[in-house]
Amino acid sequence: MIQRYDNGMMEIHLTTQQKIINPFWGVEVTAIFSHKEDNVEQKLYGFYDGLNSSGEHIWKIRWTPILAGEWTCRITSKPYTEGLSQELRVHIEEKDLNKRGFLHTYPDEKWGLKFDNGEPFYLFGDTMYNIFGAYYCGVNVEDILLHRKSQGINYIRARMQVSPYHPQMRNVWQTKDCWPWGGSAQLPDFTQFNLDYFRAVDEVMFLMETLEMGLEVIFEAWMWEFPFNDRNQFIPEFEELWVRYITSRYTAYPAVYIWCPANEYEFYPSGEIKYHPEADRWLKRIAAMIRDCDPYKHPIGAHNWEKNIPLSDRLESFEDIDVYLVQTGWDVEFNKYKRDASLCMYLESQMRHHVSRGNKVAICAEFGYERVKGLFTAPAHQHLDHHHTRRGQWRAGFSGYPVIHGFDNTWGAHMQVEPDAIGAKYLIHFYRFMTEEIPFHEMTSAQMLILGASGSEEEGTLPLCLADENRSIVTVYFPTRGKCQLDLTKPEEYLATWFNPRTGEKTHTSQCSSNAFTSPDTHEGDEPYGDDWILILKK
């Protein structure tokens with residue numbers, strides 16, 4: 001039986017009455033889809049999805065066709081199982097195809113992310129590690145996503161397995177056990193899966209498709225959490241089953257934007273909080289497993305904890321790694337300088353540190369989690385304010401990187417958007433600037449155009465410049481009130497406007513008379529560091 005979905009995905013249901021002791025572990029179903037006219041072949045794995053109303057075992061194969069026309073499908077099972085080996089013919093119309101297709105990386109192009117239809121993508125995210133578990137426990141995830149989407153967010157970092165706790169704070173939304181395997185955490189059975197949990201994940205995936213938002217699917221959590229920190233119980237064979245099941249079940253969803261093998265992968269194998277060189281080989285092994293199950297070639301990312309050794313030094317030769325999901329040293333302002341993280345110090349230099357060469361796409365994936373009044377998660381978050389949120393996104397964007405946010409109220413222990421973080425109100429202004437005010441896909445970092453400026457990169461006060469190739473658009477972000485002189489051959493050819501990142505409003509436009517600029521002095525409120533501005537120059 002074949003079912004069709006509005007997002008272009010199809011689902012083939014296979015059933016058998018044959019007695020099978022453990023269907024998750026004992027039977028492998030493989031489908032080869034062939035489009036002879038275009039000489040395209042795709043290999044997909046089926047996944048076990050329980051019993052139907054007649055008591056038959058069900059395997060499902062999810063497939064999103066990438067071409068219109070005639071396809072053949074040859075399905076085999078190992079060991080041979082009656083009902084699970086067959087051949088099909090499928091005709092696909094153009095109207096049945098997903099309109100945008102899948103997201104892919106283009107490291108030689110500006111920003112590095114495009115869909116199959118050629119549409120450039122500015123990735124703008126939030127971190128909601130436990131969104132799947134929250135939905136499973138009855139949280140109104142749709143309203144949370146709609147709220148973030150209205151603020152410009154189009155991407156969510158999410159862990160497939162629920163963290164049983166976050167540091168010093170249990171999950172306040174958790175009303176039932178979210179163990180995704182068989183058995184329990186006390187007596188686990190890693191050869192089976194909790195299908196009720198995965199069906200909840202299915203619904204979140206489909207919701208993301210409907211909202212045209214994407215996911216970073218994180219396979220394994222912090223490596224100090226069970227079972228990932230217990231290699232005596234969670235042996236490689238169980239890990240392979242876990243990775244293959246997740247990939248097989250979700251690879252056909254265009255809403256999967258990036259696979260991430262592990263959150264802060266360097267803690268492998270023991271969970272000890274330090275860099276383990278063997279973790280690089282582990283990452284390569286897991287990435288190869290994912291790639292084998294994924295004919296759509298979703299990007300695979302590496303998310304770091306280790307700050308000193310560049311990701312590019314460790315992983316540049318790993319062909320299966322497409323994206324550096326860079327975590328910067330977001331606690332440096334408090335730990336080193338004993339102040340609130342208002343300036344997001346060292347963000348640009350840390351991004352460059354990890355991306356010294358150019359064959360991977362880089363994303364500023366974690367630069368801290370803004371505290372939310374009335375909520376408590378990790379003590380380190382209490383030092384991060386809304387200025388940190390605002391400056392972090394603008395400084396990452398003006399350094400040429402997409403950016404992912406973090407807020408206490410959606411980080412993990414809490415899963416709500418009311419009360420929202422103060423800094424969340426700044427999100428939409430940044431997103432609209434990058435996608436409406438300037439053509440982000442034509443812009444690149446152009447720091448060489450700044451001949452002289454106030455401030456310093458170390459302090460987080462140095463102006464940052466973006467420009468298009470022809471210099472018909474030049475724009476400068478001033479993290480604090482300051483001055484800069486630009487390398488403009490004919491300044492009088494440009495019209496200048498100032499954009500307020502706190503309100504999204506613009507000043508009146510005027511013709512340039514020189515190449516020297518001083519940002520407005522607005523003295524907004526009594527808070528320190530509240531006077532950042534963006535200069536827009538257009539020919």
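Let me start with a pair of charged residues: Glu-366 and Arg-157 form a salt bridge, and their closest N and O atoms are 3.7 Å apart. This pair links distant parts of the chain, with Glu-366 in strand S21 and Arg-157 in strand S12 (residues 155-159), 209 residues apart. Both partners are buried: Glu-366 is, and so is Arg-157. Before I go on, please keep in mind that this is a predicted model.

How many salt bridges does a search of the whole structure find? The count is 35. Here is another one for you to look up: Asp-126 with Arg-148, where the closest N and O atoms are 2.8 Å apart. Asp-126 belongs to strand S11 (residues 124-127) and Arg-148 to helix H3 (residues 141-150), so this bridge ties together parts that are 22 residues apart in sequence. Asp-126 counts as buried because its relative accessibility is 0%, and Arg-148 counts as buried because its relative accessibility is 0% too.

Now a pair in another setting. Arg-481 forms a salt bridge with Asp-521, and here the closest N and O atoms are 3.9 Å apart. Arg-481 sits in the loop between S26 and strand S27 (483-486), and Asp-521 in the loop between strand S30 (516-518) and strand S31 (533-538), so the pair ties together parts that are 40 residues apart in sequence. Are these two buried or partly exposed? Arg-481 is partly exposed, with a relative accessible area of 43%, and Asp-521 is partly exposed at 36% relative accessibility. Some salt bridges also share partners: Glu-11, Asp-49, Lys-60, Arg-62, Asp-196, Arg-199, Asp-202 and Arg-249 are joined into one network that way.

What about a buried charge that has no salt bridge? That is Glu-370, whose nearest side chain of opposite charge, Arg-371, is 7.1 Å away. You will find Glu-370 in the loop between strand S21 (361-366) and helix H10 (386-397). Its side chain does reach the backbone nitrogen of Ile-422, at 3.2 Å. If we set aside neighbours within four places in sequence, the residues in contact with Glu-370 include Leu-384, His-386, Thr-389, Phe-407, Asp-408 and Ile-422.

Let's move to the nonpolar cores. The largest nonpolar core has 132 residues, and the members that touch the most others are Phe-132, Leu-145, Trp-242 and Tyr-250. Which helix gives the most to this core? It is helix H4 (residues 195-211), with ten residues. Another core lies apart from it, with 21 residues, among them Tyr-257, Val-323, Tyr-369 and Trp-411. Back to Phe-132 for a moment: leaving out residues up to four places away in sequence, Phe-132 touches Ala-158, Arg-159, Met-160, Tyr-197, Val-201, Val-204, Met-205 and Leu-215.

On to strands. Six of them make an open sheet, in the order S23-S25-S26-S31-S28-S29, with antiparallel pairing. Strand S23 (443-445) and strand S29 (510-511) are at the edges with a single partner strand each, so one side of each has no neighbour in the sheet. Within this sheet, strand S25 (residues 464-468) and strand S26 (residues 473-478) pair over four bridges. One place to look is Ala-467, whose bridge partner in S26 is Val-474.

There is also a hairpin to show you. Strand S3 (residues 28-35) and strand S4 (residues 40-45) run antiparallel and are joined by six bridges. Ser-34 has Glu-41 as its bridge partner in S4. Four residues lie between the strands of this hairpin, and Asn-39 takes a positive phi near 55°.

That brings me to some backbone details. Most residues other than glycine have a negative phi, and most peptide bonds are trans. Glu-264 is not a glycine, yet has a positive phi of about 55°. Glu-264 lies in the loop between strand S18 (256-262) and helix H6 (278-292), and counts as buried because its relative accessibility is 4%. Cys-344, also not a glycine, has a positive phi of about 55°. Cys-344 is in the loop between helix H8 (332-337) and helix H9 (347-354), and at 5% relative accessibility it counts as buried.

One joins Lys-78 and Pro-79, with omega about -10°, and Pro-79 is in the loop between strand S7 (69-78) and strand S8 (86-92). Another runs from Phe-226 to Pro-227, with omega near 10°, and Pro-227 is in the loop between strand S17 (214-220) and helix H5 (236-250).

Methods
Residues are numbered from 1 along each chain as its sequence is written. This is a predicted model: local features need pLDDT of at least 70, side-chain atom pairs count only at pLDDT 80 or more; totals for chains, interfaces and linings use all residues. Side-chain values use heavy atoms; hydrogens and water are left out. Helices (H or I, at least four residues) and strands (E, at least two) are DSSP runs, numbered from the N terminus. Buried means under 20% relative accessible area, exposed over 50%, partly exposed in between (1.4 Å probe, protein chains only). Lys and Arg count as positive and Asp and Glu as negative; His and the chain ends are not counted. A salt bridge is a side-chain nitrogen of Lys or Arg within 4 Å of a carboxyl oxygen of Asp or Glu. A polar contact is a pair of N or O atoms within 3.5 Å; within protein, one must be able to donate a hydrogen and the other to accept it, and residues adjacent in sequence count only if both atoms are side-chain atoms. Contact means heavy atoms within 4.5 Å. Two strands pair if DSSP finds at least two bridges between them. A nonpolar core is a set of buried Ala, Val, Leu, Ile, Met, Phe, Trp, Tyr and Cys residues joined through side-chain atoms within 4.5 Å.
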